[in-house]
Amino acid sequence: MSDITKAQRSLAIKAEYNKQHRFDHLYRLICLEEWIEYALKIALSNKGSRTAGIDGVTRRELASQTAKDRMIQEIRQELRDGSFRPRPVRRIYIPKANGKQRPIGIATVRDRVVQMLLKMVLEPIYESDFLNCSNGFRPGRRTMDCVALMDSYINRRNKYYWIIKGDIRGAFDHVDHQILLALISKRIADQRILRLLKRFLKAGVMEGDLFSRTELGTQQGPVVSPLMANIYFHQIDMYWWENYGSLGRKQKEKRRQEGKGNCALLRYADDLLLLTNGSKSEAYRLRDEFRDFLWNTLKLELSLEKTHIVHVNDGFDFLGFHIRRYTSSHDRPELLIMPIIMPTKKAQQQLKQKVRAMTARRCYTDSPLLKVRALNAVLRGWSNYYRHVNAKETTKSLYCGIWY
């Protein structure tokens with residue numbers, strides 16, 4: 001076991017044992033040469049390192065050991081004397097499934113290394129705090145961890161039949177820096193770590209030749225941003241836990257007898273799902289309650305236009321899956337999880353469009369071998385994502401069309 005792993009395990013055990021402990025003397029860890037060397041290795045192994053930040057440096061410029069050693073020493077010296085200043089991220093746009101574009105921030109390699117150092121020291125602490133209802137951007141977790149829990153809620157015993165699918169308007173873009181840093185300071189007492197995090201939040205954005213300040217939000221793309229967003233959204237989990245999740249069996253039974261119903265929460269980053277075994281009016285009350293909490297505590301707005309309340313018999317879409325309860329031939333309600341192909345056929349249409357683009361007439365001059373390899377990679381990714389659900393017939397139909 002390396003010294004880095006030992007230190008991270010020690011932080012995790014301390015965080016798990018004492019939920020009120022505030023960690024100090026963390027900054028010295030990110031100044032260690034071994035930590036910086038490991039962070040650089042991870043940063044360069046990521047595919048994103050092929051894309052340059054505003055300084056134009058990619059992993060190609062750091063191919064030699066001499067260049068790597070020079071960067072390690074430069075980063076270490078700047079961290080130790082407190083002169084390190086993150087540079088603005090370079091903004092690019094990638095297409096979204098709905099036709100819009102998602103802004104992505106590309107940080108410089110040296111900034112990615114320091115962000116990786118911050119993640120290495122903070123993640124063990126906060127992973128001990130995060131609840132099981134949260135699965136997005138966490139090590140060892142995936143979308144299926146959210147979907148797999150549906151079977152334990154949507155059944156005849158628990159009867160979580162009303163679903164509130166929440167949509168937080170511009171969640172990542174409206175993270176309040178002051179609130180976020182105040183939340184982090186409840187766990188982190190090291191002022192140098194807090195100042196470094198603040199500098200990254202305030203580093204700004206370069207879009208072409210135009211510089212913009214960042215007074216709100218966390219950039220989508222940088223290494224440490226998902227962790228900071230999870231720390232912010234963790235307050236939603238804690239509010240649910242204190243008011244609903246931690247209730248005992250007798251307390252839950254009492255709520256059912258009073259007609260209030262109970263509440264379950266599933267969250268994947270900013271994708272929010274509330275389930276209740278109360279009435280439809282209870283579902284609307286929960287929606288309004290969490291809307292008020294989001295605004296009053298986190299300054300986030302729950303979009304009422306995009307937040308839907310549905311019964312599980314009608315089905316709902318979540319994380320690329322369509323989930324609904326249906327009556328089998330034995331007249332016994334069961335849970336069916338299937339790819340999001342009916343009624344919108346969204347995932348199916350996206351795959352078809354991607355295959356059409358890869359096999360367009362303008363691509364006929366490409367190597368057939370390379371084309372087949374690329375298609376296989378796309379199909380493997382799609383199949384692996386849906387392999388745990390009822391996608392056999394859908395996949396068969398899609399592959400016939402793709403083969404044609």
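This is a predicted model: local features need pLDDT of at least 70, side-chain atom pairs count only at pLDDT 80 or more; totals for chains, interfaces and linings use all residues.
Four strands form an open sheet in the order S6-S7-S3-S8, and their pairing is antiparallel. At the edges lie strand S6 (263–268) and strand S8 (308–311), each of which pairs on one side only. On average, neighbouring strands of the sheet are turned by 20° against each other, direction ignored. Strands of a sheet pair through backbone hydrogen bonds, either parallel or antiparallel.

One of the pairings joins S6 to strand S7 (residues 271–276). These two strands run antiparallel and are joined by six bridges. Within this pairing, Leu-266 stands opposite Leu-273 in S7.

**Helices across the sheet**

Helices H10 and H12 lie across strands of the sheet, as the table shows.

| Helix | Residues | Strands it lies across | Angle |
|---|---|---|---|
| H10 | 225–245 | S6 and S7 | about 170° to S6 |
| H12 | 280–298 | S3 (162–167), S6, S7 and S8 | about 25° to S3 |

**A pair of helices**

Another contact is made between helix H1 (residues 3–17) and helix H3 (residues 33–45). Their axes are 10 Å apart and the helices pack at an angle of about 100°. Angles of 65 to 115 degrees count as roughly perpendicular, and H1 and H3 are therefore roughly perpendicular to each other.

Which residues of H1 and H3 meet? On the H1 side they are Asp-3, Ile-4, Ala-7 and Gln-8, and on the H3 side Glu-34, Trp-35 and Tyr-38. The residues of this contact divide into four nonpolar, one polar and two charged.

Conventions
Residues are numbered from 1 along each chain as its sequence is written. Side-chain values use heavy atoms; hydrogens and water are left out. Two strands pair if DSSP finds at least two bridges between them. Axes are lines fitted to C-alpha atoms, for helices over the stretch in contact, and angles run from 0 to 180 degrees between N-to-C directions. Contact means heavy atoms within 4.5 Å. Angles under 35 degrees count as roughly parallel, over 145 as roughly antiparallel, 65 to 115 as roughly perpendicular and the rest as oblique. Ala, Val, Leu, Ile, Met, Phe, Trp, Tyr, Cys and Pro count as nonpolar, Asp, Glu, Lys and Arg as charged, and the others, Gly among them, as polar.
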